Each structure stands twice: as structure tokens, then as C-alpha cells.
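Here's a quick briefing to read alongside the coordinates. Have the viewer open, and hop between the topics as you like.

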Amino acid sequence: IHNKEDFRAGKISVEKTAKLLEKLNIRCDGNHVKCVFKENDTHRNGKITIEEFRRIYRNFAYREEVVEIFNTYSSNRKMSEQNLIKFLKQEQYVQMSDTIASEIIQKYEPIKEAKKQHQMTIEGFIRYMNSDDCLLFKKDCTHVYHDMTRPLNDYFISTSHNTYLISGQLIGPSDLWGYASALVKGCRCLEIDCWDGSQNEPVVYHGHTLTSKILFKTVIQVINKYAFMASDYPVVLSLENHCSPQQQEIMANNLQSILGNTLLSDILEKFPDVLPSPEALKFKILVKNKKIGTIKETIERLGRDKHGQILECEEEEEEEEDEIEDYSKELISLPIIKESKEKEVEEKASIIKQFISYSKKKRIKIALELSDLVIYTKAEKFKGFHHAQLYQKFNENNSIGELLARKLSKQKAREFISHTNNFITRIYPKASRTDSSNYIPQEFWNVGCQMVALNFQTPGLPMDLQNGKFLDNGGCGYLLKPEILRNPKLNFSPNELKEYNPTILSIRLISGFQLPPTNRNDPLVLIEIYGIPDDQTKQQTHVVRKNAFSPRWNETFTFTIHAPEMALVRFVAENQVTIGSNEFLGQYTLPLLCMDKGYRTIPLFSKTGDNLDPASLFVYVWYHE
């Protein structure tokens, strides 16, 4: 009643306007409410009348572009069930059933009279168009629908690098939140860097740096708590183990006592000599570490007391040739060295090289108790594709640094795909990325690498691609690789296009709505395609001046995609600051084949991955082979 009187007297403030819009289920951004309120406040006294409020409501609720679609399929301001069916078939490519149109009317039409007559008003139509039913991301992809019964090496697995860091690699906090947040985001392979700690308690931190330390057992407790919140499928703990055998035994003890039956410490009967499937490993945690001896020997020792038993092996650490080249170049470019003559530089480079390679070969000791917890994920040094073909066992996984992996993916793509067809391969960022920056993961997915490890704590394009790719299959962290990466007979290489069946993708970028306001409000949108090299491209709209509330572009973009099953599409809203530079407003990334056709709404996310609702883009999408 109080509000009614305020309305009549024209006393509605901007705060009350925002509250009323909220009550009327209008999603709105506070800054945009202030702007639209200001435009409609005719007396310039910070108060509006009921008429002015209606105008504001219409601004937020009735988007011109949606009203235009409604008018095309309606007569006398009503859309009949037949016309709704026509719209769903012609425009939305909906899988039709006898009842789908009447179900939509029942669900979204607020006016009872219209409902009874099997009709839809503009109110109902707007509710439908703003609903989850009209999002760009296909509903079918929001739950697990891939075949989950194939061996682990047939899947892309969501993988994080140095999961315990939440900022830089050299200084900064190691934090348990790194593990919890990665798991909540659907990450299925975590890295744990373990070192000897005081009072016989192993610790986790980035060794030889000033990052802080956390107890290994606390990390395992956190993993135990969060492991299966986002997904039922297995979690792999990738141990980077620098501990003495005594503290390795403590680690083994922690893993067993905290994880209990969740820890996979025995072979699965049906999988004695092939990798199990994600389905067979549901709710299991696997340890990835160096292992001495075979699985058979491990099984024979089950139940025996292994305390104090230590095994030795020689191994080279995971820094590779290219990594050394990288360091040498960086060291040579230091001012002191720059002044020397070229020959001296070469000598210095060779000394650096020898020093690094010499320091990498060492004998390591492994506690049998920890070694025996490794079953299907044994860490094995990569010695080349030919060596792997001859000697690598089914349960041995390689870790390859990004520089060598990049070289191999360019020079030996088919051999790389053949390797990842048989063995789980993990890629990790080069050591010189001390700021926790990331590489573009797509180039390694293109050759079938299962575990492409990224610094989850670092926002930006690589993490947008990671999050976008793993939205698919219900966000469970496992994606069945496309057949071109699993079937050797297809002889696929991302770098050479054979006769291939391309997909034509057409996107009409119609409009934006309530984009994050800035000083200038001059928005534009980029559409970027990530996939095999021949598919990588980007196109952009023109700039709409001074309108972040409801910019209209109405531009159509066409793309020819040769490997649609590998492609990701990224929409980026930006604000033009000067002719040469734009500021980021929001983005959305998803696999091309997860895009629904027709009129669709695209939600936008901030750099750090927060939903910017109600900010969105409105598009019309169509694609075919």
C-alpha cells in the first residue's frame, strides 16, 4: 500500500525501482538501473511516477529484438500453439514431440486465459527466450553422455599444474584452497610437490623457492573431502616426490589411513593388462608416482609388511633438452655474458648445458610402501616415440615439458597421436613460467594428450579454453577423445588436411544486453575459433557507440571448420578504449558441437570465471556438414 501511494505521488526512488524490478523477476545490473532511471526521471529530482516506472520496466523486459521475433510468429498479440511449433521447427531446430509446444506454454505463459486457449503472449515468449531452454549450450551436454567404459587413455582429463599455488611459482602462498577449488571446478588430476618436513611430516610446496609450506596429510584430507563433489569419476594424484624413503613411508601411511577404500591400491580383476575405464574407477583415487617392478610383483606382496624396505633406481629428472636451451638463452642474454665474444658465449652455453644435464642424472630411493600404491599410473621418463613403442608398458605414463611437446607436435604429429592412443601423456608448463602463466592447451589436445596441465590459479585465455572444453559431458572432467584421435586407421594429423568433411558455421551476432558498464561504453564482440591450425581464426563486429545497455550489431559471420569435433568457439565482449586498444568485458567459450542452433542467449563470464549475469549476448546460430 505504501508503495502504491508512493507511485501515485511520483515518489519512487532508484533503490525502490531496483527492488520492484527484482520482485517482477527482472534480472538487472544496478548500474544499468541507475542509468535508465536517470533517463526517465523527467523532473530530475531522483523520484519517478508510475508511468515512468512502466517505461523502465519495458526497457528491461521487452527487448526489441525478441519482440520482433514474437511479432513474426503471432497475430493479434498472441502466438498460437501451431505458430509456436512452426517457430520451434524453423528457427530453433528443436527435436519435436507431440507435446513440446504445449509444455512450453504451460511452463512459461503467466496469463491464465492465454494458457487455457493454448496461446502464448509476449510475456510468456520473453520468459521462454530468457530461460535455460534457449541458452547457447546444448542441454544434452549438461549431463554425462559420452561412453565412459573405454580405457583411461581414450579420454581428455581435466588436469592442473602445481595445484597448491594460488599465485606465482617462486614466492607466494601455497594454499589448500588451490586443491579444493580445482576439484570443485571438475579437475581430475592434481599435482602434489612433496618434500621432507620437520618432525617427520612431509610438506607440500614448490621446492627451492620461497613459497610457503603445507602439510602433506592436510592436503590429502582436503582432497578426500572435495574429490567427488563435482564428479564421480576418478581423481589422479600426480606426486612430484622429493622425499626421503622414511617420509615416503609416512606419505603412504597418510594416503591409506585418510583415503581408506577410496584409494586404489590393488588391480581391478577385469583389467589385469589394460587400463580400466572411468566408469570402472568411479569414486577411486589413483596415485601417479615412480614405481619399482611390475604390477604382478606388487599384487604378490599385498598384505605383507614392507616397512623399511627401500628400492633404488637411476633416473633423469624431467627437465629436457629444449628446457636447457631455453635457460641457456636466458642466461646468455644477461648483460655480463653479453659482452663476451661469440666463441666464449658458445663455451658458456655448453658449460651450462653440461652442468644442467649432469645435475639431472641421479639415483633415487623409493620406499616400497609408496611404490606399491602405484597401479595404473606409473610415472615413466619419456625417451622418444620409438622407445615407447618397443618397451613402454600399458600402465606407464609420460610427462613431457611444453617445449619438447610443441616441437614434437609440429614435426611428428602422427607419431604423437599414435603414442597418445596407447599411453596417458601429461604436458606441463616450462620452468621459466615463474609467473604461473599458461600455454594455449589446444595445440596439445590436437595430438591427443590426455593430461594437459594448466595453472588453474591464473585467469586468461588458456583457462577460458580449459573451462569451456570441460563444460561438455556434464562437467565431469573426462571427455572421450574424438575418433580421429583414437582410430589409427584414419591416419589423422592436425597439420595436414586430407579430404575432410568441413562444417559451415554461421553466427548472426544480433545484440548484447546489460554489458558491464565502463567509462566509455563502446562495445564490440570478437568471435574466435580454436582447433586444428587451419581452423584457428577470429572475426569481430563493428563498435556500437555509447550503449552498453542494449547494443545492436546484427552482423553475420561464417566459418569453415575442418575438424569440428576439435573446435572451441570463444565469444569475447570488449570495450573500445582507443582505436588500437580494447578492454575486456566478458567472455564465453564452449565446444562447437555443444552449440544449440537457432536464437540463443550467451551468458558472459569475468576474467576470473564469475558469471556476469544478467550481462549476455543474443545470437542466431546455424551449422551443417
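This is a predicted model: local features need pLDDT of at least 70, side-chain atom pairs count only at pLDDT 80 or more; totals for chains, interfaces and linings use all residues.

Start with helix α20, which spans residues 413-422. Its buried residues are Ala 413, Phe 416, Ile 417, His 419, Thr 420 and Asn 421.

- The largest nonpolar core counts 64 residues, and the ones with the most contacts inside it are Ile 192, Ile 223, Leu 237 and Leu 255.
- Helix α11 (residues 216-226) supplies the largest share of that core, with six residues.
- Back in α11, the buried residues are Phe 216, Val 219, Ile 220, Val 222, Ile 223 and Tyr 226.
- Looking down the axis of α11, you'd see those buried residues fall within an arc of 160°, so they line one face of the helix.
- Ile 223 is a handy one to click on: leaving out residues up to four places away in sequence, it touches Tyr 179, Leu 183, Leu 190, Ile 192, Leu 237 and Ile 285.

**Strand β5 and its sheet**

- Five strands make up an open sheet with mixed pairing, in the order β8-β6-β5-β9-β10.
- The edges are β8 (214-215) and β10 (285-288), each of which pairs on one side only.
- Strand β5 (residues 189-195) is mostly covered, with seven of its seven residues buried.
- In a regular strand, side chains alternate between the two faces of the sheet.
- For β5, one side carries Cys 189, Glu 191, Asp 193 and Trp 195, the other carries Leu 190, Ile 192 and Cys 194, and all of these are buried, leaving both faces covered.
- β5 runs parallel to strand β9 (residues 235-241), and six bridges join the two.
- Within that pairing, Cys 194 has Asn 241 of β9 as its bridge partner.
- With strand β6 (residues 203-204), β5 pairs in the antiparallel sense, over two bridges.
- Over there, Trp 195 stands opposite Val 203 of β6.

- Val 577 sits in strand β22, which covers residues 568-578.
- Is Val 577 buried or partly exposed? Its relative accessibility is 33%, so Val 577 counts as partly exposed, since that class lies between the 20% and 50% cut-offs.
- Setting aside neighbours within four places in sequence, Val 577 is in contact with Arg 520, Asn 582 and Glu 583.
- Asn 521 is 56 residues away from Val 577 in sequence, yet the two C-alpha atoms are 8.9 Å apart in space.

**An annotated stretch**

- Residues 28-63 carry the UniProt annotation "domain: EF-hand", which comes from an unreviewed entry.
- In the model, that span is 64% helix and 0% strand, and its end C-alpha atoms lie 13 Å apart.

Terms used. Residues are numbered from 1 along each chain as its sequence is written. Side-chain values use heavy atoms; hydrogens and water are left out. A nonpolar core is a set of buried Ala, Val, Leu, Ile, Met, Phe, Trp, Tyr and Cys residues joined through side-chain atoms within 4.5 Å. Buried means under 20% relative accessible area, exposed over 50%, partly exposed in between (1.4 Å probe, protein chains only). Helices (H or I, at least four residues) and strands (E, at least two) are DSSP runs, numbered from the N terminus. Contact means heavy atoms within 4.5 Å. Two strands pair if DSSP finds at least two bridges between them. The arc is that of the directions from the helix axis to the C-beta atoms. UniProt positions are given in the numbering used here, feature names are shortened, and annotations may be inferred rather than shown by experiment.
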